[in-house]
Amino acid sequence: MKIGLETESFHLQFITGRMDIFGFIRKTAELGLDGVMINIVPWPGLPGIGTLESFEPEYLDKVKKEIQKYGFFAEIDTNGTDPKHLTEVIEAAHRIGADVIRTYTCMGEYDPGRLRRAPEDIKQIVPLLKKYRIKLAVENHEEELTDEVIQIIKEVNSPWVGAHCDFGNAMMAWEDPVDAVRKLAPYAFTTHFKDHIIVHDGEDYRVCGVPAGTGNIDLEESFKILIENSMLTRINVEMCFPYAIHFKREPGTGGVFAVGEGAFKVEQSPYDLNVIKPLDYYYPPAELLEQMIEDQEKGAEQSVRYALALRDKYCR
């Protein structure tokens, strides 16, 4: 089993200009990992295409050369199902040697219309996936239930379209994260390995990312399920800390009706609520930035160690 790293694990260094994709690839090598998952979802108000500067061929060739320098696998994280957009992403993925693309249907909020359109949109780009031998993985991305993701995969009915199995996102739809991994495992092309807790910010409960092994998701059980029930050969660490988000569906939608037990146990917020509210973690104020960048780097390193330890315990 190869272990990769998603760029989101260092988002604070990217959005402040302290890291670019080349620095991230080098950091991934320093951590002793096997590949990179490159997020190209644009950050509002910032130039570039997420962590890439552009889709210009010369630039993408340079990125590919850096990936190949370390013998890494490469995957792309994008969003949406618009065929024109996905066509551009597939061409870029081919250019840098990425063989898996993650996407999701809803764009921040639950959108039944997008879920209904997704199968027909995706069917249009299957010939291009086949041409370049690239797989498309539909993620359970906070808004979608795993059953809704599986329904899209079944309607497309192509060996080139499967699931992106996120270890924690099911919680935002009130779904048990281990149950979600169990359902998605047979369809999984790729993953986000992460951990969560529930916090209360004075107004409401939030799902809060934390370094792997410090939260309440049973990551070891989820990892074992994927070993036993999937054909995965890669696990990608995506440490979403500092990050917190509101629930995207109504309580009970995914079978969990209230916080308090298991993965939904309520914990103290990572930072003092009088200093910063969880929903502000992703773009912290200047006075907290240095501390949170340092915390994020330590958390990413801790998450990598945790993933490697599970890999060494259960497979090779």
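**Labels and their cut-offs**

Author: Strand 1 (residues 2-6) runs parallel to strand 2 (residues 35-39), and 3 bridges join them. This is a predicted model, where local features need pLDDT of at least 70, side-chain atom pairs count only at pLDDT 80 or more, and totals for chains, interfaces and linings use all residues. Residues are numbered from 1 along each chain as its sequence is written, and side-chain values use heavy atoms, leaving out hydrogens and water.

Reader: What makes strand 1 and strand 2 a pair?
Author: Two strands pair if DSSP finds at least two bridges between them; strands themselves are DSSP runs of E, at least two residues, and helices are runs of H or I, at least four, both numbered from the N terminus. With 3 bridges, strand 1 and strand 2 therefore pair. Glu6 stands opposite Met37 in strand 2.

Reader: Which strands are the edges of the open sheet?
Author: The order is 7-6-5-4-3-2-1-10, 8 strands with parallel pairing. Strand 7 (188-192) and strand 10 (234-237) are the edges, as each pairs on one side only.

Reader: Why is Lys123 called partly exposed?
Author: Buried means under 20% relative accessible area and exposed means over 50%, with partly exposed in between (1.4 Å probe, protein chains only). Lys123 has 35%, so it is partly exposed. Lys123 sits in helix 5 (residues 112-132).

Reader: What does Lys123 contact, leaving aside its neighbours within four places in sequence?
Author: Glu155 and Val156, where contact means heavy atoms within 4.5 Å.
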